[in-house]
Amino acid sequence: MAKDTIPQHPPTIPPSILLLIIDLHPLSWSLLSQPPPPNEEGDKIKNASIDLQGFLNVLMVFLNAVLASSGGNQVVVYGATSGRS
């Protein structure tokens with residue numbers, strides 16, 4: 001096989017940008033932080049509720065992983081609530 005027929009791949013993955021829009025409406029987050037109602041068997045779904053602080057902790061881990069995966073990656077985060085961003 002000749003050297004010219006070997007496909008050439010870029011040495012690195014090109015950088016990317018992640019745009020994230022988060023709904024920060026207080027009513028939505030208060031509903032999400034409440035435990036779910038019992039199901040038919042009487043058991044509550046484990047880990048189904050999450051508060052805003054817990055979500056932001058998990059989100060930061062994800063965003064740091066995106067940034068660490070490639071040196072050129074960028075992240076843009078918008079927080080939106082009723083009438084504001």
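1. Helix α2 has three buried residues, Leu59, Leu63 and Val66; buried means under 20% relative accessible area, exposed over 50%, and partly exposed in between, with a 1.4 Å probe and protein chains only. Viewed down the axis of α2, these buried residues fall within an arc of 50 degrees, so they line one face of the helix. The arc is taken from the directions that run from the helix axis to the C-beta atoms. An α-helix has 3.6 residues a turn, so residues three or four places apart point the same way.

2. The model is predicted: local features need pLDDT of at least 70, side-chain atom pairs count only at pLDDT 80 or more, and totals for chains, interfaces and linings use all residues. Residues are numbered from 1 along each chain as its sequence is written, and side-chain values use heavy atoms, with hydrogens and water left out.

3. The buried residues of α2 pack against β1 and β2, where contact means heavy atoms within 4.5 Å. On the other side of α2, Gln53, Val58, Val61 and Ala68 are exposed.

4. Serine 70 sits in the loop between α2 (52-69) and β2 (74-80). Helices (H or I, at least four residues) and strands (E, at least two) are DSSP runs, numbered from the N terminus. At 17% relative accessibility, serine 70 counts as buried. Leaving aside residues up to four places away in sequence, serine 70 touches Ile13 and Pro15.

5. The protein has an average pLDDT (the predictor's confidence in each residue, from 0 to 100) of 81, and 76% of the residues score at least 70.
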